[in-house]
Amino acid sequence: MQTLPQGAPRVVLLDIEGTTLPVSFVHDVLFPYARTHLALFLVQHGGDATVQAALAQTAELAPGVPPLEQLERWMDEDAKVAPLKTLQGLCWEKGYARGELVAALYPDVLPCLRALHAAGVALAVYSSGSEAAQRLVYGYTAQGDVKALFSGFYDLRMGGKKDAASYSAIVAQAGWHAADVLFLSDIEAELDAAAQAGLRVCQIARPEDGTVAGTRHPVTTSLPEAARLFGLPGEG
Ligand SMILES: CSCCC(=O)C(=O)COP(=O)(O)O
Ligand SMILES: [Mg+2]
């Protein structure tokens, strides 16, 4: 294992959509898949404890609205709401297991994650997608199951991604020092929140996604470029 330069981040915390997985895959493949399968899924699995809890949470957040109608409304709005994210993840589970879904990560992602992991950098995920959905993405990539690269999977149970307190909660739960953590995301408001919590941050503005580069944080167009900017190995 190579020695990391002094002061380089010891942990890289990664967003998924727009950072490691194309926005188009999430919006044109994953979201429509969940939308198509949700109604039947609820009929078939409405008795499962996790599904019942998500439906109860939906009813609590939107009293008087039929849960399926509310869930569809949230899907239309791309709302980052925990019960929707839980149910989407459960729908996707079937799709991945049947081979109908395969996560097509950006080509630069895996070589970079492998180089960071080999160098002893801890890798973790923070996404609005549920922990189960995150594990599916990395469990069913076009290159196979790469979940073992990650030591942590954090979702909306830690709070919203635009709230500084969520990053403080993750850092505290994982036992990291905020200044040792580099958070990578395509969304400037998420980087604002992470920076407010004391994390180092870098925006990944991928031209293929049309991501608009912000002005408040360092910006790169790929993971290896971001890693190198912070003194870390970018690829093997
Ligand atoms: C786990 S893949 C689906 C991600 C998702 O549901 C989503 O809303 C995107 O969230 P992110 O925080 O990864 O931008
Ligand atoms: Mg994102």
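Student: How far does the charged end of Arg206 sit from the centre of the ring of Tyr106?

Tutor: This is a predicted model, in which local features need pLDDT of at least 70, side-chain atom pairs count only at pLDDT 80 or more, and totals for chains, interfaces and linings use all residues. Side-chain values use heavy atoms, without hydrogens and water, residues are numbered from 1 along each chain as its sequence is written, and chains are lettered from A and ligands numbered from 1 in the order in which they are written. A charge sits over a ring if NZ of Lys or CZ of Arg is within 6 Å of the ring centre and within 35 degrees of the ring normal. For Arg206 over Tyr106, the distance is 3.6 Å.

Student: Which residue lies over the face of Tyr126?

Tutor: Tyr126 belongs to a cluster that ring pairs form with Tyr167 and Phe183; rings of Phe, Tyr and Trp (its six-membered ring) pair if their centres lie within 6.5 Å, and planes under 30 degrees apart count as stacked, over 60 as edge-to-face and the rest as tilted. At 5.7 Å from the ring centre of Tyr126 lies Lys161.

Student: Why does Phe150 count as buried?

Tutor: Buried means under 20% relative accessible area, exposed over 50%, partly exposed in between (1.4 Å probe, protein chains only). Phe150 counts as buried because its relative accessibility is 8%.

Student: Which residues are the protein donors of the magnesium ion (ligand 2)?

Tutor: Donors are N, O and S atoms within 2.8 Å of the metal (3.2 Å for Na, K and Ca); water is not among the atoms, so sites may look incomplete. At 2.1 to 2.3 Å from the ion lie Asp15 (OD), Glu17 (O) and Asp186 (OD).
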